[in-house]
Amino acid sequence: MSVRLKLILSYAGFLMLAGAMLLAAVWLYLLDEVPDVTAVPGGVLTRSGLARHFAQAAGAVLVFLLVFGLLGGWLLAGRILAPLTRITAATRLAARGSLSHRIGLPGPRDEFRELADSFDAMLAQLEAHVADQQWFAANASHELRTPLAITQTLLDVARADPNRDTGELDERLRTVNSRAIALTEALLLLSRADQRSFTREHVDLSLLAEEAAETLLPLAEKNDVTIQTSGEITPTIGSPALLLRMTTNLIHNAIVHNLPEHGTVQVDTFIRPDCAVLTVENTGDILAPQVVSTLTKPFQRGTERIHTDHAGVGLGLALV
């Protein structure tokens, strides 16, 4: 049976039960108070005759209550279940791929209103997630296509000029290939990090900061940047590999986006009562708040795209 039919039968059943109990109370009162024979105008009324007339009237009342309960239950159930019909229609639209539709259920904040509002919030999150996925796929395709197109161009130029120096071609091909590999590995790491499929261990964040700084020291010297690390022992729980990658990406960005010369990068780690803290500060340009809010999106490279050997693939802060 449908929910509406169950509600109709419930309404009618409870109404008949209440009516029957009321009639039974009246019936017991009459039996208790009415004598066996009562003189009435035009004759004599016995208890059995009164019982027969009362039973006929009670049967008619119960039939009326049954019909009234079924009709009233049908109307009331339809009115109560109307919001559920709207929610069902929105669910079917979402199942067909229409995520822009919203229920927008009016009225008081009852159970149906809370359900509709929760469903609208879920649709909004799904719509934003799908849009981000489409944007990410388009940008990833573009970023992956760029090194492949450069490789194809270099090979075409080498084929057109057989006497060209192969040493330069080999070096450029290796550079482009390394960039493509780095981009692919970053994409894979980003997808795994989003799934949170990593093992958590006890690590010291200060040691990871020192290791990342030592790894990037040659890059810092090449860019005339000084790296300074300080901080107490900073225990935390997480993936050592991902935390090291996070710290390395932050320090790498701080080195690349710094002053042309005599820049500094300050790396600090410390403990708060509720968390472990890592801060990376540099002497680069101050960015506008609207720019900062977009830096953690994939393929964002600050205010302008930097064409250097260490420009990265635009996924550093997204991985962070």
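Rings of Phe, Tyr and Trp (its six-membered ring) count as a pair if their centres lie within 6.5 Å; planes under 30 degrees apart are stacked, over 60 edge-to-face, and the rest tilted. The model is predicted: local features need pLDDT of at least 70, side-chain atom pairs count only at pLDDT 80 or more, and totals for chains, interfaces and linings use all residues. Residues are numbered from 1 along each chain as its sequence is written, and side-chain values use heavy atoms, without hydrogens and water.

The structure holds one aromatic pair. Phe64 and Phe68 are stacked, at 5.9 Å centre to centre and 20° between the planes. Both lie in helix α2, four residues apart, so about one helical turn separates them. Helices (H or I, at least four residues) and strands (E, at least two) are DSSP runs, numbered from the N terminus. Phe64 is exposed, with a relative accessible area of 53%. Buried means under 20% relative accessible area, exposed over 50%, and partly exposed in between (1.4 Å probe, protein chains only).

Helix α5 spans residues 205-215. Its buried residues are Leu205, Ser206, Leu208, Ala209, Ala212 and Ala213. Seen down the axis of α5, these fall within an arc of 160°, so they line one face of the helix. The arc is taken from the directions from the helix axis to the C-beta atoms. The face turned away from the buried side carries the exposed residues Leu207, Glu214 and Thr215. The buried residues of α5 pack against β3 (201-204), α6 (217-222), β4 (225-231), α7 (240-256), β6 (263-272) and β7 (275-282), with contact meaning heavy atoms within 4.5 Å.
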